[in-house]
Amino acid sequence: MTAPILRIENISKRYGKKDVLKGASFDVLKGDLKILIGPSGAGKSTLLQCINFLVKPDEGRIWLDEQEVHYAHKRDLCAYRQKVGMIFQDFNLFDHLTALENVRIGMVRVKGMGKAEAGERAVMELERVGLREHMQKYPAQLSGGQKQRVSIARALAMDPKVMLLDEPTSALDPELIGEVHAVIRDLGNNGMTMIMATHQIGFASSLASEIVFMEDGRILERGTPDKIFNHAENARTREFCSKITELYGERG
Amino acid sequence: MERKPGPVGGASLFSMKDREYGDTMPQKCPHIPHVFKVIERMPESLIAIMDALPYLLQGSMVTLVVVVGAMGLGFALGAPLAVGQVYGHPALRRFIAVYVWFFRGIPLLVFLFLFYFGLCTAFDINLSAFAVAIIVLGLISSAYQSQIFRGAILSLPEGQFKAARALGMSDFKAISFIILPQALRLSIPGWSNEYSILLKDSAVTYALGVAEIMARAHFVATRTYQHLPLYFAAGVIFLVLTWVGTKGLRLLEERARIPGYSPKGL
């Protein structure tokens, strides 16, 4: 068995008296697409944000490429975050920059690339998500689906080893979900390692290498899509899956 | 009726010319003829303004340098103060809160005297009144400007900072390249307010002898007894400068506007 590209161990987080995460652990292999499902408040989003330390976990350790991440060292943390792309539910594009500048700024300001070189790469990434002709537009001039595709291009331009996607389509109109799913599917086919929280069961089951069911800050069950959706061991998993299948349908 | 001219410093508006017009004035209702006198003396007033205008306009250059200098200093100090107050260590935040309270809480005139006649004398600092005016106005403005910027920073969605960090930016880079460019755009309306307040506050520096508009108007008025026209002219110059400045900042706001993105509440 090959070594995992990302390994997280016993991540815990509490806000005041509330335990949001109670020791989540898993390994991610290169090329995996791990899907986190579970009800709101289960800790999916907190877990994803703990993985790149946007939320500081109270406990737990993380290894990327068998190197432990020392997030207290600012330089190490910034270097690690460059290798972990993050896609947010509400896009978080930089509002004062055009699509092109949004994709370019990380390469220029973080990696120290020249503007011209970074610009070429940015155009390439925007082309990959099908937005080349919109590259001079500002976020406010783009649709939700386009914004999310720009944010994916922005993350890809940093050459991440792992991508974290926090419900990337849940703020989108149903009509716009497809275009974002197509981009994610394409990424998966090209071997990108991803961890994604989503409610889009159909999409998840067609693409995931593993489904992780979370509730109340814990990982209750995990397995292949077939196992989780059709032969779940845990009663709570079965209940959640049948409800969500009813809501979002078999196909995403 | 013959009146003696009053002493120069305490000259009333009509004291000098009362001698010439005194005999024709009805005694019972003194206000009405005063109005006539003002109108009657319009040509004379205009001449007084025209004569003093180049001198006053030189003063408006001094005023502008003081205001622009103070705004620049206020900006240079205010922006880091705002960042410190929003993102800084709790001790730093408390220090900045005290700084803001201090500079917003003491009247400008008190500060000017404290600095110029007090500190500069006590510590034998050789600073011109002009320099002290810029420094004091700048320090006070930095307290106000920091609060303008702070409000703008706080109005930005939290996700902007998160996204910058997620790209691997240090907090310093995130603030420099993502937070401040947006916050400063949102600050321009508040900034034009600050400009008009500073412009008017700068008149107080005449008390130190800075040769700005007010000092010059006062100087000419007390020597020619043309108080009404000169202070009127000074007021008009201030009005014009306010208009030009806020118009300029409005243009800047238009230029800095991001297509499809307008500040909240617009």
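## Chain B

In chain B, residues 24 or more positions apart account for 74% of the contacts with a separation of 6 or more. The model is predicted. Chain B holds 10 helices and zero strands. Read from the N terminus, its elements run α-α-α-α-α-α-α-α-α-α. Of the 266 residues in chain B, 33% are buried.

## Chain A

Chain A has nine helices and 10 strands. Buried residues make up 48% of its 252 residues. Take the contacts in chain A between residues at least 6 apart in sequence: 66% of them join residues at least 24 apart.

The overall dimensions can be checked against a simple rule. A compact globule of 252 residues would have a radius of gyration near 18 Å. Chain A has 18 Å, which agrees. Along the principal axes, the C-alpha atoms of chain A fill a box of roughly 55 × 45 × 40 Å.

## Helix α6 of chain A

Helix α6 of chain A covers residues 174-189. At 1.5 Å a residue, its 16 residues should span 22 Å.

Which residues of α6(A) are buried? They are A:Val180, A:His181, A:Val183, A:Ile184, A:Leu187 and A:Gly188. These residues sit on the same side of α6(A), because they cover an arc of only 160° around the axis. The helix repeat gives the background. An α-helix has 3.6 residues a turn, so residues three or four places apart point the same way.

The other side of α6(A) carries exposed residues, A:Glu175 and A:Asn189.

Just after α6(A) comes A:Gly191, with a positive phi of about 90°.

## Where the chains meet

How many residues does each chain bring to the contact? Chain B gives 20 residues and chain A gives 22 residues. On the side of chain B that touches chain A, α7 (158-166) and α8 (171-201) of chain B each supply at least two residues.

The residues on that side of chain B divide into 10 nonpolar, six polar and four charged.

Notes: Residues numbered from 1 in each chain as written. Chains lettered and ligands numbered in written order. Predicted model: local features only at pLDDT ≥ 70, side-chain atom pairs only at ≥ 80, totals over all residues. Helix = DSSP H or I, 4+ residues; strand = E, 2+ residues; numbered from the N terminus. Expected span 1.5 Å × (residues − 1). Buried ≥ 20, exposed ≤ 12 C-beta atoms within 10 Å, placed from the backbone. Arc of directions from axis to C-beta. Contact = placed C-beta atoms within 7 Å. Nonpolar A, V, L, I, M, F, W, Y, C, P; charged D, E, K, R; others polar. Rg over C-alpha atoms; globule rule 2.2 N^0.38 Å.
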